Amino acid sequence: MTRISRTLLFGLALSAAPIAIHAEPFKLEGAPSPALVIFSQKNDGGWSQSLDEARAKVEKELGLTIPVVENVPENATAIRPAVELFIDRGANIVIGSAFGYSDTFLELAKQYPNVAFINPAGTTNAANLQSIYGRTYESQYLCGMAAGALSKSGKIGFVAANPFGLVNWTVNAYALGAQKMNPDATVTVVFTGAWNDPVKERAATEALIEQGIDVIGQHVDSPTPQIVAEEKGVYGTGHHRDLSEFSKATQCSSVWVWDRYLAPTITKIAAGEWEPGPYGAFLSIKEGGTDITLSGDALSEDTKKQIMDERQAIVDGTKQVYAGPLNDRDGKERVKAGEVLSDGDLWGMDWYVKGVISQQ
């Protein structure tokens, strides 16, 4: 199964009706003893590193030691022995890192009902298993505001992996954020067809800049678009982590903040107050999904304040990125006035807002 198909199934799982309701909170035996299982190398600069950095923050906040194992492939023959070794050593909370862990984590949750399981990007849930993901469109909207303020031409570029739900919502949100600052801004998106392909990302970024684009956003795993942006003398915004680590061009990044979810959740588990949702958790900025970092010195203090004020409105619930009335670029109404796009429609998003220029 391709990662595209897997991600579509992930969205369906989050938006589907629950199969069962958990009657009572999960009861942990003994003091919390978490462990982390990562599917790739933990210093990958992106997704996996964001989880490992969250692990370190949770350790400090809760006074725990959280062992980690990396490079555990997305198949049962690798996942099961890694997890069971942790359980044999006393782990009673196991944190995963991938869609491909979903089925095995469900099997393990049934086999070990006294162990709590949490799986970012997973699709399976049970009385002792919670799959989670973040509302990345919120943070990408805010970085889009930064892009709109930075662009002198009004022509913004975006390098993305594949044109489906969770990528399309970042592209559209980015455009809406840019248009908040410049109503005439356009966002030209190039899809590379791969999550992590620096060669294709470089080619896409260079092609965009050759068209006169002066700010580059992204929803791919590597920092290559930001590196090229610096080489070419334009600005950029990053994804997964604060990519100003790799490029002085980066002025805003959509970053995972898993510790803001994991620390209070581990505390709830320890207190016997954890009740996993029967169809997963779709986390907002407020709940510990993603957030933003503003870096560099290109954004004015006034612009930073505007972005942070908008962020606070999202946290407070007074701002909804996909609130109606909202039409797509062909003029079709997608969200009626007074309504907000549903989670199911978010995951199935196959359309673009006005101002998005794409290959599709």
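Biologist: Which residues form one aromatic cluster?
Modeller: Quick caveat: this is a predicted model, where local features need pLDDT of at least 70, side-chain atom pairs count only at pLDDT 80 or more, and totals for chains, interfaces and linings use all residues. Residues are numbered from 1 along each chain as its sequence is written, and side-chain values use heavy atoms, with hydrogens and water left out. The cluster is made of Trp 47, Tyr 133, Tyr 137, Trp 169, Trp 256, Trp 258, Phe 282, Tyr 322 and Trp 347.

Biologist: How many aromatic pairs are there?
Modeller: Rings of Phe, Tyr and Trp (its six-membered ring) pair if their centres lie within 6.5 Å; planes under 30 degrees apart count as stacked, over 60 as edge-to-face and the rest as tilted. By that rule, the count is 16.

Biologist: How far apart in sequence are the parts that Tyr 133 and Trp 347 tie together?
Modeller: These two rings form a tilted pair, 6.0 Å centre to centre with 50° between the planes. Tyr 133 sits in strand 5 (residues 129-134) and Trp 347 in helix 11 (residues 343-347); helices (H or I, at least four residues) and strands (E, at least two) are DSSP runs, numbered from the N terminus. So the parts they tie together are separated by 214 residues.

Biologist: Are Cys 143 and Cys 252 buried or exposed?
Modeller: They form a disulfide (cysteine sulfur atoms within 2.5 Å), with the sulfurs 2.3 Å apart. Buried means under 20% relative accessible area, exposed over 50%, partly exposed in between (1.4 Å probe, protein chains only). On that scale, both Cys 143 and Cys 252 are buried.
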